[in-house]
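Work through each task before reading its solution.

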Amino acid sequence: MKDKITIGQIINTHGIKGELKVYPLTDDIRRFKKLKYVLLDGEEIKVIWCKLQQDKAILKLEGIDTIEVAEKLKTKYLQVRREDAVKLPEGRYFVVDIVGCKVIDTKGEEVGEVKEVIFTGSNDVYWVRGKKDVLVPVIDSVVKDIDVENSKIIIEPVEVWNYED
């Protein structure tokens, strides 16, 4: 498992004193209010303050005091160390731990590897790339076991439809 968790992407500046507008890569934006530091390009930077907008976080980071400095940070990602990340409830996983997992069906057939997690609102969907791309709904009747320690997910066999002319 990776030792850093990506929590957001800097998408713009905010104001003229180096504040950063961040698109959160977490399902609970309120987590940003608890940040004491972030990792930016691997460097630990203290969070001075945070305010939340509807779906964005505005952060003031130590040492970033001008709009010119902030401008250069657009598109960069913010991370935290795994040990400082929020503790997830049983059965919840960080996307970084799911992407790259091998997917095997209950018959022992390898389906492929998770390339992306798609958030649909009702349930997540794993995009699995193998011999054929498969979309796997993350629901109890399909996903039987997730073992992020061993990068393995067990699913019920997925029927793949072939839509050829």
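**Exercise 1.** Determine the accessibility class of Asp133 and identify the salt bridge between its side chain and that of Arg129.

*Solution.* Step 1: Asp133 has a relative accessible area of 41% and is partly exposed, a class lying between buried (under 20% relative accessible area) and exposed (over 50%), with a 1.4 Å probe and protein chains only. Step 2: Arg129 is likewise partly exposed, at 41%. Step 3: the two side chains, Arg129 and Asp133, meet in a salt bridge with an N to O distance of 3.3 Å; the term denotes a side-chain nitrogen of Lys or Arg within 4 Å of a carboxyl oxygen of Asp or Glu.

The model is predicted: local features need pLDDT of at least 70, side-chain atom pairs count only at pLDDT 80 or more, and totals for chains, interfaces and linings use all residues. Residues are numbered from 1 along each chain as its sequence is written, and side-chain values use heavy atoms, leaving out hydrogens and water.

**Exercise 2.** Which parts does the salt bridge between Glu113 and Lys102 tie together?

*Solution.* Step 1: the side chains of Glu113 and Lys102 form a salt bridge of 3.4 Å, N to O. Step 2: because Glu113 belongs to strand E8 (residues 110-119) and Lys102 to strand E7 (residues 102-105), the pair ties together parts 11 residues apart in sequence; strands are DSSP runs (E, at least two residues), numbered from the N terminus. Step 3: Glu113 is partly exposed at 24% relative accessibility, and Lys102 is partly exposed at 35%.

**Exercise 3.** How many salt bridges does the structure hold?

*Solution.* The structure holds 12. One of these joins Lys115 to Glu113, with the closest N and O atoms 3.2 Å apart.

How values were computed. Helix = DSSP H or I, 4+ residues; strand = E, 2+ residues; numbered from the N terminus.
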